[in-house]
Amino acid sequence: MATPKFKKSRANTHARRSQWKADNVALQEVTIDGQTVRIPRRLVKAAKLGLVDVEQF
C-alpha cells in the first residue's frame with residue numbers, strides 16, 4: 001500500500017478531491033398504463049408493479 005512520504009497541503013488535497021463529478025441519472029423509456037415515461041432504471045420494476053407513482057416524473 002502506498003504511504004505518503006511528505007505532508008500534503010490542504011489546498012492540494014481539496015484541489016484533488018474537487019475533480020470528482022457525479023453523472024446524471026440514466027433515464028429509460030417505459031410504457032406504463034399506455035403512457036410512455038422516462039424514469040431511472042432502478043425504479044422501472046417498482047413502477048411496473050405500481051409501487052411508484054410515475055406522474056411525478
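User: A nonpolar core is a set of buried Ala, Val, Leu, Ile, Met, Phe, Trp, Tyr and Cys residues joined through side-chain atoms within 4.5 Å, where buried means under 20% relative accessible area, exposed over 50% and partly exposed in between (1.4 Å probe, protein chains only). Which residues make up the largest nonpolar core?

Analyst: This is a predicted model, in which local features need pLDDT of at least 70 and side-chain atom pairs count only at pLDDT 80 or more, while totals for chains, interfaces and linings use all residues. Residues are numbered from 1 along each chain as its sequence is written, and side-chain values use heavy atoms, with hydrogens and water left out. The largest nonpolar core has 7 residues, and these are Val30, Ile32, Val37, Ile39, Val44, Ala47 and Val54.

User: Which elements give two or more residues to this core?

Analyst: Helices (H or I, at least four residues) and strands (E, at least two) are DSSP runs, numbered from the N terminus. By that reading the protein chain has 2 helices and 2 strands, which follow one another from the N terminus as α-β-β-α. The elements that give two or more residues to the core are S1, S2 and helix H2 (44-49).

User: How many bridges join strand S1 to strand S2?

Analyst: Two strands pair if DSSP finds at least two bridges between them. Strand S1 covers residues 27-32 and strand S2 residues 35-40, and the two run antiparallel, with Gln28 standing opposite Ile39 in S2. The number of bridges that join S1 to S2 is 6.

User: Which residue in the turn of the hairpin has a positive phi?

Analyst: S1 and S2 form a hairpin with 2 residues between them. Most residues other than glycine have a negative phi.

User: What is the radius of gyration of the protein chain?

Analyst: The radius of gyration is taken over C-alpha atoms, and the globule rule is 2.2 Å times the number of residues to the power 0.38. The C-alpha atoms fill a box of roughly 60 × 20 × 15 Å along the principal axes, and buried residues make up 21% of the 57 residues. A compact globule of 57 residues would have a radius of gyration near 10 Å, but the protein chain has 21 Å.

User: Is Ala22 buried or exposed?

Analyst: Ala22 is found in the loop between helix H1 (10-17) and S1. From C-alpha to C-alpha, Ala22 lies 26 Å from Ala2, although the two are 20 residues apart in sequence. Because its relative accessibility is 57%, Ala22 counts as exposed.
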